[in-house]
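Hi,

Here is the structure I promised to pass on.

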Amino acid sequence: MRLHFKLPILGFLLLLSGVKTIFAQDFTDIGKRKPFVLSGSVGAQASTRLHTQASYSDPFSYLFNLQLNPVIYGFSMPVSVSFADNRFSYSQPFSRFSIQPTYKWITAYIGRTSMDMHPYGLSGHQFDGVGISLQPSGFPLKFMAMYGRLEKARADSVGARENSFQTLSSYKRSGYAFKLDFEHKGQKVGVHFFRAADKVSSLPAWARETLSPQANNVLALDFSFTLFKDLYLQGQAGFSNYISDLSAEKTRRHPRRNPSASWSTAVKAGIAYKWLNLAYERISPEYRTMGAYYFNQDFENLVLSFAHTFSFADVRAEIGWQHDDLASSQQNRTDRVVGSAYANFRINENFTTSASYSNFTSYTQSKPIDLTRPDDPFVQDFDTVPFRQISQQAQWVFTFRTSPQAKRAQEAGLDFSYQSSRLNVQKDFSDYLYGNLRHSIVLGGDYRLQSALSVSTRLDRRQGGRQPLRYGIGPSVSLSRGFFDKTLLASASCSYYIDVCAKQAESGIWGMRLNLNYTLKKAHHFDFNISTRLNNAFSSTRKNDFEFQAMVGYRYQFSVDPFAKKKNAKKPTDV
């Protein structure tokens, strides 16, 4: 198809984009794409749920769903419509205007969009405007830039007139940013600048009484160097100048400086040698950037990690330390120590085992409210009140698999996990232990049998006293098979689980499930599921209950290509 035939369709796309739509378009090979393809699905589902408690849930529910995905020259516009239990909902791409045309290494951002330039500067904040990204492969320079509106002007008349601190007013905020990277032979240096400011005249005078216009300038850097063989250095840094009140009166001593302006820094650096990596990050208090919606601040991190793949095992480990209150101005100071380790051993082609452990320790110091009155009897002698919380988790997995040449493939394993959470002040803790013994085998005729025996235990201590031991144990078994060249998949399962507390059985739960899934000509999908649950209560504090669920569903998938070339496959005639 020639170009003058494509222009009306592209014009129609731009017309639709004016109705607030989203496109991420790549024009690199547009001449090779199909003009129009329509795909989607339509389906219905009905289910029933019966329970001994009649008010537990609605006994019947239904769902009708339609999904359409028209694709015009590779640009998709998905639409979804559903009607369930007298509730209508839909989703469509015409919620906001945004197009991102791409041609080879050039990408443009137009409309309501976002760009990621630097984690300490412009990082994912949406804006209404334009942007461009030039990322040529094989060329040392790469460039990104944007200009647009970050916030709309909104005047909250109720909050502003009542001098409420919960006012939702906001100034019109505009900004621009750019990022330039230079990369050559594994060495990389990048510089990023971001500027955003509120427009004072975008709000009426009565709204400006409770809200100050602000501005922000950010200069950020990132780098990556190869110092020696197997020795790498990389990092990022940000310098933020934040003006809390653009209308603040300047002083005689600094006539060109806004008294509400403040400087803050953020830095992150790491050095790696072969399998070892040491990373450090520090973000000063009150570090802010208008280019991000949410930003962590006032903390310092130090992490040492190790990762390597041996011929017989994969090993990873790290230990880190973090603390906040860098300026010693907060009421609480929290120190955290985090450590984790993981190892996966390949014993041989049949046996593998893995183990992991993580420890999270949080140490909080709550400072006294007032230390200016040492003679006050309510102020005690100690400087801080410590509070420590420890969370630990461990897991061990042992797996056996038969060789690929085995006639009947089998897999067996033992899983064990442990989790603990302890508070040293109240001397409270909760420990959880879980174990699972599993086995699966492929029988003749595509039958697959799976079985498992699971055990779980919980140990509690509250206010120095032990709680009764509670544990549960139960087996489960399932059988599955494919019929008619696996177009029909059937499975059935049964499980039983008994709950024991203080050596007395409290309840036993029976569960049974049947699943049928049938696919006809790769387009028609039929689903049928039945599940039951019977809870037998062994104690007087509980009651027996029964639950039954059934679901039947149908889904039709289609794809229409009206411009597909018809193949004239004529059979040769016998002479």
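The largest nonpolar core has 21 residues, of which Met-115, Met-117, Met-146, Phe-194, Ile-283 and Tyr-287 touch the most other members. Such a core is a set of buried Ala, Val, Leu, Ile, Met, Phe, Trp, Tyr and Cys residues joined through side-chain atoms within 4.5 Å, where buried means under 20% relative accessible area and exposed over 50% (1.4 Å probe, protein chains only). E10 gives the largest share of this core, three residues. Strands here are DSSP runs of E with at least two residues, numbered from the N terminus.

This is a predicted model, so to speak of local features pLDDT must be at least 70, side-chain atom pairs count only at pLDDT 80 or more, and totals for chains, interfaces and linings use all residues. Residues are numbered from 1 along each chain as its sequence is written, and side-chain values use heavy atoms, with hydrogens and water left out.

Phe-228 lies in strand E13 and is exposed, at 59% relative accessible area.

Towards the end of my notes come the paired strands (DSSP finds at least two bridges between two strands that pair). Strands E18 (residues 313-324) and E19 (residues 332-346) run antiparallel, joined by eleven bridges, and Val-315 faces Ala-343 in E19. E19 also pairs with E20 (residues 351-366), antiparallel over 15 bridges; here Gly-339 stands opposite Asn-359. Four residues separate E19 from E20 in their hairpin.

Best wishes
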